Amino acid sequence: MRALFFLRHYNDVDHITPVISKWVDSGHGCDVVLIGFDHFHDDFRIEFLKKLPGVRVAHIQELLTLPDFIRWRVQMLLLIHGLRIPLLGPIINAVAQVYNAKRREPIWRRITQHLLTRTFEGADGGVVAFDWVERNSTISVEWVEIVVSMVHDAGLSIVSLPHGDSPHASQLIRRNELRLGPDALFSAGRMFDRLVVPNELCAGRFRPFMDNQRIAVLGSPRYCDEWLTKLATLLPPSPLTRSDSKLKVLMFLRKSSFTTFWEEVGYVVQLIASFPGVELMIKPHTRGGWQQTLTRNSSLRKLPNVSVAGGGVHSAHLLEWADVIVDLATSVSFEAVKVGKPVLAADYLIAGRSTVAHYMPETELRCRDDVYEKIDGLLRNGCDSFYVEEHRQRFIDEMLHVGGPDVLPRFVALLESQVRAKPTTDLTEQKESVVPVTVTAEEELQATVFKEF
């Protein structure tokens with residue numbers, strides 16, 4: 001069986017690589033096409049995929065002529081909401097109106113046909129996989145809709161795989177969100193034949209827009225036992241060294257679009273750094289870290305026991321280095337919970353309720369006193385026996401191992417179930433019609449507000 005996987009950013013690579021690896025272990029072949037701004041040529045997971053039998057990995061730029069790639073990229077840029085900033089927004093909107101959907105469609109189709117033919121020509125059938133494509137993604141929904149249409153015309157199936165998890169147990173988590181209700185950001189998921197989520201918390205985002213039968217809740221490929229064991233053998237040597245400090249604290253920051261009380265975060269950094277024998281490392285978000293005010297705070301950076309992790313340091317290395325994690329609601333903390341390292345869920349620093357604190361109340365920081373007492377307690381008593389084990393196990397069962405610990409075979413089985421017997425039309429004779437995802441006026445209004453996931 002053949003598959004075509006599209007990966008666009010760090011999170012996709014992190015969460016979908018386990019699925020690709022298991023797909024190949026099951027005797028199947030695939031192509032992996034990188035479609036983001038970053039090529040990830042040096043990423044250890046991409047290097048791992050390149051060495052697997054029956055796998056071809058390439059950035060889309062390598063697969064297209066230079067003129068086609070430039071046209072594809074320019075059309076993407078025209079449709080990215082993130083560029084709708086005050087200075088460029090009116091200009092980009094004007095260009096997009098002139099160079100409209102009808103004029104963009106031939107480029108989308110020509111490029112899509114080339115990619116599908118490259119992977120599936122001569123195959124008995126196959127499946128295409130994107131990540132969770134949302135209405136604010138850096139990849140145009142307009143193009144993905146055309147991919148979906150052409151995949152169906154070729155008699156193939158298309159699925160959406162997780163690029164993360166739900167570190168929030170509450171809904172109003174971004175700076176401009178003021179009303180509860182279905183979030184149109186996730187409405188694009190209904191274009192896919194099946195959409196896969198790791199747990200029911202994630203499924204709730206998509207259920208208002210899709211039939212329940214098309215949503216598959218399969219557990220976390222990134223944090224399942226099988227992949228964590230494999231990942232340990234793939235990680236390059238860590239650039240971090242262990243010092244003789246008594247307690248190594250790691251703080252993960254969120255993207256700037258989420259509500260974070262940065263002034264108080266700064267005070268918490270100072271408070272933690274005031275303890276003798278404590279070493280604190282701050283990890284900016286992998287995308288948009290430069291927008292976070294904390295990492296530009298020169299007074300904090302001058303503290304002798306505080307450092308900022310560089311972009312080339314993998315989260316797995318940081319988790320290996322740390323004794324305790326201060327989390328502002330990021331799913332990377334799930335790995336720490338899985339291996340039993342203490343996570344301090346700093347919910348009072350964000351306008352939301354974290355999943356970690358929701359399942360394990362013993363982790364929650366509700367005020368500065370809590371920060372002080374937790375750090376002091378860890379210094380005095382060590383990091384063992386931090387969790388109420390019943391709470392931690394429930395978190396693992398409901399968030400990571402949904403349906404049992406053998407997560408990756410379930411992903412492969414779902415992909416195999418979507419492979420149809422044989423294409424109904426030749427890939428070189430695609431139809432010209434495109435069926436777009438219908439969006440209500442209310443959903444369109446919500447989606448025009450720039451929100452990053």
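Predicted model: local features only at pLDDT ≥ 70, side-chain atom pairs only at ≥ 80, totals over all residues.

Colleague: Okay, charges first. How many salt bridges are there in the whole structure?

Modeller: A search of the whole structure turns up 27 salt bridges.

Colleague: Give me one. What does Arg8 pair with?

Modeller: Arg8 makes a salt bridge with Asp131, and their closest N and O atoms are 2.9 Å apart. Arg8 sits in the loop between β1 (2-7) and α1 (10-25), while Asp131 sits in the loop between β4 (126-130) and α7 (141-153), so this pair ties together parts that are 123 residues apart in sequence.

Colleague: Are those two buried or exposed?

Modeller: Arg8 is buried, and Asp131 is buried too.

Colleague: Remind me, why would such side chains pair up at all?

Modeller: Side chains of opposite charge can pair when their charged atoms come close.

Colleague: Fine. And which residue does Asp14 meet in a salt bridge?

Modeller: That would be Arg45, at 2.7 Å from N to O. Asp14 is in helix α1 and Arg45 is in helix α2 (residues 44-50), so to speak two distant parts of the chain, 31 residues apart, linked by the pair. Asp14 and Arg45 are both buried.

Colleague: Which residues make up the network that Asp14 and Arg45 are in?

Modeller: The network of salt bridges links Asp14, Asp43, Arg45, Arg222 and Glu335.

Colleague: Let's switch to helices. How do α10 and α15 cross?

Modeller: Helix α10 (residues 262-273) and helix α15 (residues 368-381) have axes that come within 10 Å and cross at roughly 30°. Angles under 35 degrees count as roughly parallel, and α10 and α15 are therefore roughly parallel to each other. The crossing of α10 past α15 is right-handed.

Colleague: Which side chains from those two meet in a salt bridge?

Modeller: Glu264 and Arg368 do, with 2.7 Å from N to O. Glu264 lies in helix α10 and Arg368 in helix α15, so the pair ties together parts 104 residues apart in sequence.

Colleague: Why does Glu264 count as buried?

Modeller: Because its relative accessibility is 14%, and buried means under 20%. Arg368 has a relative accessible area of 39%, so Arg368 is partly exposed.

Colleague: And α4 with α6, at what angle do they pack?

Modeller: About 125°, with the axes of α4 and helix α6 (residues 101-120) 10 Å apart. That makes α4 and α6 oblique to each other. Their crossing is left-handed.

Colleague: While we're on α4, what about the surface? Which residues make the nonpolar patch?

Modeller: Leu66, Ile70 and Val74 make a nonpolar surface patch of about 270 Å². Ile70 belongs to helix α4 (residues 66-79). With 45% relative accessibility, Ile70 counts as partly exposed.

Colleague: Now the backbone. Which phi value does Ala329 have?

Modeller: Ala329 has a positive phi of about 75°, although it is not a glycine. You'll find Ala329 in the loop between β11 (324-327) and α13 (333-339). Ala329 is buried, with a relative accessible area of 4%.

Colleague: How about Ser385, what's its phi?

Modeller: Ser385 also isn't a glycine, and its phi is positive, about 55°. Ser385 lies in the loop between α15 and α16 (389-400). At 75% relative accessibility, Ser385 counts as exposed.

Colleague: Great, thanks. I'll go and look at those spots.

Definitions and conventions:
Residues numbered from 1 in each chain as written. Heavy atoms only, no water. Patch = residues over 30% accessible without salt bridge, like charges linked within 9 Å, V, L, I, M, F, W, Y side chains within 5 Å. Areas by Shrake-Rupley, 256 points an atom, 1.4 Å probe, with all protein chains shown as cover. Salt bridge = Lys/Arg side-chain N within 4 Å of Asp/Glu carboxyl O. Helix = DSSP H or I, 4+ residues; strand = E, 2+ residues; numbered from the N terminus. Buried < 20%, exposed > 50% of the residue type's maximum accessible area, 1.4 Å probe, protein only. Axes fitted to C-alpha atoms, helices over the stretch in contact; angles between N-to-C directions. Parallel < 35°, antiparallel > 145°, perpendicular 65-115°, else oblique. Left-handed = near helix turned anticlockwise from the far one by under 90°.
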